[in-house]
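The following note sets out numbered points on the model shown below. Each point may be checked against the structure as it is read.

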Amino acid sequence: VNFEVYKKMTRKKYFWILTIVLLCTANYFINLYRENINEFLPNLTTYKESFISWKNSSLDHQIISPTREYSFRLKQDHFNSKESIKLINISEGKTQQYESSKTSNKSDETIERITESFEKNKTINFLDATIERINKSGEQDEIINKSGEIFKQTNEMDEIIKEKNDDNFGIILDLDENLLPESDTKWPVVVMQNNGRTGNAMNSYAISVALKKEFGDNATIAVTREVYTKVAKMFDIQRLTMPIVEDSFPGRVSEMKMNERCPDKFKVANDYVAHIRPCIRNGITNFKTTQQKKVVPIGGYPNRMYMIGEYIDEIRSSFHIKPSLLNKAQLFLHKASEEHGSNIVFVGFHIRRTDYVGHSQKYNGVNVPGPKYYSDALAHYRLRFDKVLFVVASDDLSHAKDHLNKYKDVVFSDMKSAAEDMALLASCNHSIMTVGSFGWWSSFLAGGEVVYALLFNYTIPPFAHPEMMGPHGFEHFHGIPVI
């Protein structure tokens, strides 16, 4: 009996010893977490305040502008000499011009950040909830882990960007305090926006270049980031010097009632560009009269190329295809010349199909050109040159092969992207196009003769048509009638 009593007492003794040890350990970790929270909370609050300041600064950062927190920097590895970038600071009425120079042996350390990586509203809401939970609850370890993810995501943005193709991004948001303003912003600010694909984005960018030449002394012409990003995938970013605004900027301006609506009297039915110049002139006149700073958003699909006819040299200067894309195109043409002989004249041939078949019927009232036009276009160049090789690219390559594979002087693109296809077509001596902006721009960039389908009995003129291109700048475009 005595032994059993002793055994029970021993068990109670070890139980209380273990309990005391656990309580001490728990107290130690609680104190440790409190110290961490005290250090973490001020930083978190500061981060939140900085983030809210940036988000709510009305127009300060809606137009891309360098400040002490956020600024632009051209990628260091793209600088061969000092470059000048024009940017805008709306809040101070300043256009800011900056110089950046190449830093040797540091191109691999170039830091890129994309605005879209910041989900501003979600981040701020989470920060609010996090701070409240820190102040009111004891779930400290969970809070620290979740809050730390925000900073981890921010700090690891470099890794996110490294996974992307460096050539896809040019002017980007970055942290830099070494840039100073030099000149004034001109009002109104005209914003070209377009959510179309590569060809449509090029339309908007090219027309913005033309508008800058016309109205740059009295207004600021800019493009949205969406337009810029699509164009920057294709062309050397050092040449893309138009100011950029965030995609959310036009909507933000509308909420603040700072947008300059285009009067209906300037609009023409079924014409996406007739109103643009009158709207800008109207905005300039209103600013001179009222001194109210306004933004003129220009949306839709500006597909009347007569607007750029007088500014061909400036647009060609902007659209320099990236060397990486040109190298792939030249390799393809070199292999083709080895198989088909030397002294070959290359003719790029773009066939647009897929969704454009229905689009052309619905909006233009005509069918896209088919096999009869293909044969006529090939015959045109075969009569002109002794040795010609047609390089075919299409968004429906199986259709193209069904109708053209029988010809020995035809080869088909094996490129993996639309940008590579455009680079290949633009590397040819001459061009054939069917319909659409992609084929038109590929032909324009090639710089030689262009054969296009001259369609009739339309409700709205198709993209490649004398009414759309006008009398100047495109004399090397020749239409083959399609009835």
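1. Strand β6 (residues 189-192) and β7 pair in the parallel sense over 4 bridges. Helices (H or I, at least four residues) and strands (E, at least two) are DSSP runs, numbered from the N terminus.

2. The model is predicted: local features need pLDDT of at least 70, side-chain atom pairs count only at pLDDT 80 or more, and totals for chains, interfaces and linings use all residues. Residues are numbered from 1 along each chain as its sequence is written, and side-chain values use heavy atoms, with hydrogens and water left out.

3. The β6-β7 pair belongs to an open sheet of 4 strands in the order β8-β7-β6-β9, with parallel pairing. At its edges stand β8 (244-245) and β9 (295-298), each of which pairs on one side only. Helix α5 packs on this sheet and touches β6 and β7, its direction making about 170 degrees with that of β7. Axes are lines fitted to C-alpha atoms, for helices over the stretch in contact, and angles run from 0 to 180 degrees between N-to-C directions.

4. Thr-224 lies in β7 (residues 220-224). Is this residue, Thr-224, buried or exposed? Thr-224 has 2% relative accessibility and therefore counts as buried; buried means under 20% relative accessible area, exposed over 50%, and partly exposed in between (1.4 Å probe, protein chains only). With neighbours within four places in sequence left aside, Thr-224 is in contact with Val-191, Met-192, Gln-193, Asn-194, Ile-244, Val-245 and Asp-247. Contact means heavy atoms within 4.5 Å.

5. Helix α5 (residues 198-215) also packs against helix α8 (residues 276-290), at an angle of about 40 degrees and with the axes 12 Å apart. The two helices, α5 and α8, are therefore oblique to each other. Angles under 35 degrees count as roughly parallel, over 145 as roughly antiparallel, 65 to 115 as roughly perpendicular and the rest as oblique. The crossing of α5 past α8 is right-handed; a crossing is right-handed if the near helix is turned clockwise from the far one by less than a right angle, and left-handed if anticlockwise.

6. Which residues of α5 and α8 meet? From α5 come Leu-211, Glu-214 and Phe-215, and from α8 Ile-276, Arg-277, Ile-280, Arg-281 and Ile-284. The contact of α5 with α8 has 5 nonpolar, no polar and 3 charged residues. In this classification Ala, Val, Leu, Ile, Met, Phe, Trp, Tyr, Cys and Pro count as nonpolar, Asp, Glu, Lys and Arg as charged, and the others, Gly among them, as polar.

7. Another open sheet has 6 strands in the order β12-β11-β10-β13-β14-β15, again with parallel pairing. The edges are β12 (410-412) and β15 (477-482); each has a single partner strand, so one side of each is left without a neighbour in the sheet. On average, neighbouring strands of this sheet are turned by 25 degrees against each other, direction ignored.

8. Within this sheet, β10 pairs in the parallel sense with β11 over 7 bridges and with β13 (residues 430-433) over 4 bridges.

9. Strand β11 (residues 388-394) pairs with β12 in the parallel sense over 3 bridges, and Val-391 has Val-411 as its bridge partner in β12. Helix α14 packs on the sheet, touching β10 (345-351) and β11, and its direction makes about 160 degrees with that of β11.

10. The axes of α14 (residues 418-426) and α15 (residues 437-446) come within 7 Å and cross at roughly 40 degrees. The residues of this contact between α14 and α15 divide into 8 nonpolar, 1 polar and 1 charged.

Conventions: Pairing = 2+ DSSP bridges.
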